Amino acid sequence: MKLSVFYDHAVQAARQSGQPIEKVLAAFKRAGIDAVEMDYETARGQILSIGGLLGEAGLEISGFYYNHNFNWNPSIESSKEMVDLASTLDVHRILMVPGFLDEEDVPALNGVHNNYQKTAAYMDGDSEIQNMKQALTDLSAYARKRGVILSLEDYDLITSPYSQINELLWFIGKVPGLGITFDTGNFAFSKEDSLLAFEALKDHIVHVHLKDRAHLVGGSPADNRTFLAPAPVGDGYLPVGLLIRRLKQIGYDGYLVIEHFDLKDELDSVLRSAAYVKNVLSFT
């Protein structure tokens with residue numbers, strides 16, 4: 001397994017520390033990080049300048065993430081350019097964020113999320129979710145021909161119809177070749193157990209985002225948002241170390257992407273996260 005980190009963390013670390021981004025990326029590399037994860041729109045708009053920075057630091061691109069409202073229109077024509085760029089840059093993983101529900105539709109789906117058959121019945125009958133499925137099916141077929149695998153993650157937004165285990169299993173069953181980006185921290189948003197999620201999804205994991213969660217000081221246990229603060233990997237309450245060990249047990253050999261947006265000291269947090277992960281890997 002190789003370490004990666006979100007490129008946005010490097011940008012934020014440079015801004016916070018006052019250091020040039022070249023020095024931040026070099027520090028990441030010295031910490032054992034081999035790659036960065038990038039938003040497709042950032043890559044498309046700045047690939048020449050960013051590519052030079054990454055090359056100088058000896059870093060690769062571990063994956064793109066891509067937002068598009070396929071729920072409104074399942075056409076993939078404009079999205080083929082994204083796959084083409086990934087293939088050209090030797091990027092083999094793309095995390096899809098293919099659209100969201102209207103807020104008034106959320107209670108109906110959330111009300112059945114613990115039952116796969118009821119979840120499937122709802123998703124089979126929702127036209128916008130069907131649009132997402134069709135777009136993912138077509139784009140996944142296009143991507144596989146170019147050596148690129150598309151995936152969904154447990155996206156932590158209430159209007160996401162792929163934030164919970166049964167919703168992800170439905171998409172996996174409907175879209176040939178679709179994988180899972182397993183985000184270790186996002187099942188906490190839906191109050192699902194990340195270890196149970198791992199067991200349900202482990203055969204489909206193609207990419208991993210390492211995210212830990214912290215409690216907010218003074219928060220009420222009744223308010224789920226108080227348990228979703230960002231934290232350096234290993235500093236929170238989630239069993240990230242155990243999940244890394246289980247990934248190794250099933251033979252996962254892809255990237256582990258450090259993710260903790262909006263921390264006050266991203267540079268120090270990334271370095272601490274990398275040290276924690278390397279320590280876990282050395283004992284597995």
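1. Let's start with D268, which at 33% relative accessibility counts as partly exposed. Please keep in mind throughout that this is a predicted model. The side chain of D268 meets that of R272 in a salt bridge, with 3.4 Å from N to O. Both residues belong to helix 11 and sit four residues apart, about one turn of the helix.

2. R272 has another partner to look at. It also forms a salt bridge with D235, where the closest N and O atoms are 2.0 Å apart. R272 lies in helix 11 while D235 is in the loop between strand 9 (229–231) and helix 10, so this pair ties together parts that are 37 residues apart in sequence. R272 is partly exposed, at a relative accessible area of 39%, and D235 is partly exposed too, at 43%.

3. Now for a pair in another setting: are D183 and K211 buried or exposed? D183 is buried, with a relative accessible area of 0%, and K211 counts as buried at 9% relative accessibility. These two form a salt bridge whose closest N and O atoms are 3.3 Å apart. The bridge links distant parts of the chain, with D183 in strand 6 (residues 179–183) and K211 in the loop between strand 7 (205–210) and strand 8 (212–214), 28 residues apart. If you follow the salt bridges on from here, D183, K211 and E259 are linked in a network. Across the whole structure, a search finds 13 salt bridges.

4. Back to helix 11, this time with its helical partner. The axes of helix 10 (residues 240–249) and helix 11 (residues 266–282) come within 10 Å and cross at roughly 50 degrees. That angle makes helix 10 oblique to helix 11, and the crossing is right-handed. On the helix 10 side the contact is made by V240, G241, I244, R245 and K248, and on the helix 11 side by Y276, V277, V280 and L281. By type, the residues of this contact divide into six nonpolar, one polar and two charged.

5. One last stop is L157, in the loop between strand 5 (149–153) and helix 8 (165–174). L157 is partly exposed, with a relative accessible area of 35%. Which residues does L157 contact, leaving aside its neighbours within four places in sequence? They are F100, S163 and F189.

How values were computed
Residues numbered from 1 in each chain as written. Predicted model: local features only at pLDDT ≥ 70, side-chain atom pairs only at ≥ 80, totals over all residues. Heavy atoms only, no water. Axes fitted to C-alpha atoms, helices over the stretch in contact; angles between N-to-C directions. Helix = DSSP H or I, 4+ residues; strand = E, 2+ residues; numbered from the N terminus. Parallel < 35°, antiparallel > 145°, perpendicular 65-115°, else oblique. Left-handed = near helix turned anticlockwise from the far one by under 90°. Contact = heavy atoms within 4.5 Å. Nonpolar A, V, L, I, M, F, W, Y, C, P; charged D, E, K, R; others polar. Buried < 20%, exposed > 50% of the residue type's maximum accessible area, 1.4 Å probe, protein only. Salt bridge = Lys/Arg side-chain N within 4 Å of Asp/Glu carboxyl O.
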